[in-house]
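Hello,

Here is the structure I promised to pass on to you. Have a look at it first, and then read my notes below.

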Amino acid sequence: DAISQAESAGTLTVAVASEDASAVALPLEAEAMQSIADAETDLAVETAIGSVTLAADAVKTLAAEEKEVVVSVVANEDGSTTVDVALDGETADITVKAELPATEGSKVLVIVYADGTEEVVKKSMVDGDTVYASLPAGATVKTVDNAKDFDDVGDAWYTEYVDFVSSHELFEGTEEGVFAPEEKMTRAMIVTVLYRLESEPETGVSSAFGDVAADKWYSDAVAWAVGEGITDGYENGDFGVSDNVTREQIATFIYRYMNAIGADTSVTGDVAQFTDGGEVSTWAADAMAWAVGAGLFEGDDTGSLNPGGEASRAEVAALMTRLVKLVMQ
């Protein structure tokens, strides 16, 4: 009956009464996992100490193993939380979405490793007393402040966005130790930010662009972006690392990034609502329509989209904040 109701909602929710528990484990027999997989729904396990959601694809992967699956949430004594999905006692190689309590004043979630080192969870956001995150099964996490102070970021429209992208370590300050919010965003910068959002995966290759040396701060990011189909550089064989990136280029980069990670990019918006919507380049039309429909791009006070305009670091900080929240939906 629960699965039947879930098929219309897209998610099967199992709520576990656990008000006084510090650890909750929900065992699901192989037959039950197969039933959920057959229904092609997500599986959400809700507890008083945190909730875990497995996407339908992950459910199918687990069901194919024909083993008992145990979804667990443990509130550790040191204030951290461990989220796990195990197959016959072994942590499964999957990613889950989690909703966990956030410490007051915290800015970001970090994974705490066995050796005590910590890693910021880029795909996470704190909203009030709850943190939402995409995590590998078996992760032990906690919320921390991790705020960054920049002398050139006061009380401005972009302050909250700079706070978000810097605490999530998507952006760094300049060599002078400032954020430089009005500085123009370059092509090297935008692919580096997207590369960091993916936690800087190993590429195993180097880029073949004439203007990208192997030992630059952006080298790995460029190679990754090319390998993922996010960009292919210029016809002259250069990447254009120092070229200021335009708004329609940014929309294209992000649109291709979302497709590369398997996100839904089917939503479209009407660029004709903007006074200069007709100025969007043909090669960027699909990407810009999606970006507008997804709420990433908004017009300015004059009703202009400004597709060919160059974007500042502050503007891209706002855009990346919206993108992380979109990915977390």
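The second largest pocket has about 510 Å³ of space. Glu172, Gly173, Arg196, Trp217 and Arg313 are the closest to its centre, out of 21 lining residues. Helix α5 (187-197) gives the largest share of that lining, five residues. The lining of this second pocket splits into eight nonpolar, three polar and ten charged residues.

Some background: this is a predicted model, where local features need pLDDT of at least 70, side-chain atom pairs count only at pLDDT 80 or more, and totals for chains, interfaces and linings use all residues. Residues are numbered from 1 along each chain as its sequence is written, and side-chain values use heavy atoms, with hydrogens and water left out.

A pocket is an open set of points on a 1 Å grid over the protein atoms alone, where a 1.4 Å probe fits, with protein on both sides within 12 Å along at least five of seven lines; lining residues have an atom within 4 Å of a point. A volume is the space filled by probe spheres set on the points. Ala, Val, Leu, Ile, Met, Phe, Trp, Tyr, Cys and Pro count as nonpolar, Asp, Glu, Lys and Arg as charged, and the others, Gly among them, as polar. Helices (H or I, at least four residues) and strands (E, at least two) are DSSP runs, numbered from the N terminus.

The largest pocket holds about 1100 Å³. Its lining has 37 residues, with Lys97, Lys123, Ser134, Ile261 and Val327 closest to the centre. By type, the lining of the largest pocket comprises 21 nonpolar, eight polar and eight charged residues.

Enjoy exploring!
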